[in-house]
Amino acid sequence: MTEVQRVVGMTFEETVMHRKHEGGAVVMLHIPRCGLCEAFFPSFRALAKSFARNPRTATVGFLEMDVSANDVPLPELFPVQKFPSLFAFPPHEEAPLRFSGVQWEEQELSQWLMEVFGFGDSGLE
């Protein structure tokens, strides 16, 4: 399986809920020609790769969806105010958690994800 899986509107809920029950999901919603989205993709892929390599975090799935080509399912759960938007679906949470940090840097995102998924803040190896 690739580190980042592309999802579309029709399969979004099924894919995300499957990943959530398997260990969790991280979803990035983006649009084409978004400079910040393009700049963030390498960090998102690097995080996915780091999580996949670590036995403690390997069950967390990383997903991305182009919202200009797909309807965002359940818009009430996804208060998208800017792009990219990042949501975590930990198995122990009922609703998704939105990343609201200021820095879209790999280290800050890694720390946030480690905390929301209950892996502590020790970071990835």
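Mentor: β1 runs parallel to strand β3 (residues 61-66), and the two pair over three bridges. Strands count as paired if DSSP finds at least two bridges between them. Val4 has Phe62 of β3 as its bridge partner. Helices (H or I, at least four residues) and strands (E, at least two) are DSSP runs, numbered from the N terminus.

This is a predicted model: local features need pLDDT of at least 70, side-chain atom pairs count only at pLDDT 80 or more, and totals for chains, interfaces and linings use all residues. Residues are numbered from 1 along each chain as its sequence is written, and side-chain values use heavy atoms, with hydrogens and water left out.

Now the whole sheet. It is open, with five strands in the order β1-β3-β2-β4-β5 and mixed pairing. β1 (4-6) and β5 (97-98) are the edge strands, each pairing on one side only. Helix α2 (residues 35-53) packs on the sheet and touches β1, β2 (25-30), β3 and β4 (85-89). Contact means heavy atoms within 4.5 Å. The direction of α2 makes about 155° with that of β3; axes are lines fitted to C-alpha atoms, for helices over the stretch in contact, and angles run from 0 to 180 degrees between N-to-C directions.

Next, helix α3 (residues 106-116). Its buried residues include Leu109, Trp112 and Leu113. Buried means under 20% relative accessible area, exposed over 50%, partly exposed in between (1.4 Å probe, protein chains only). Their cover includes β2, α2, β3, β4 and β5. Gly118 follows α3, with a positive phi near 80°.
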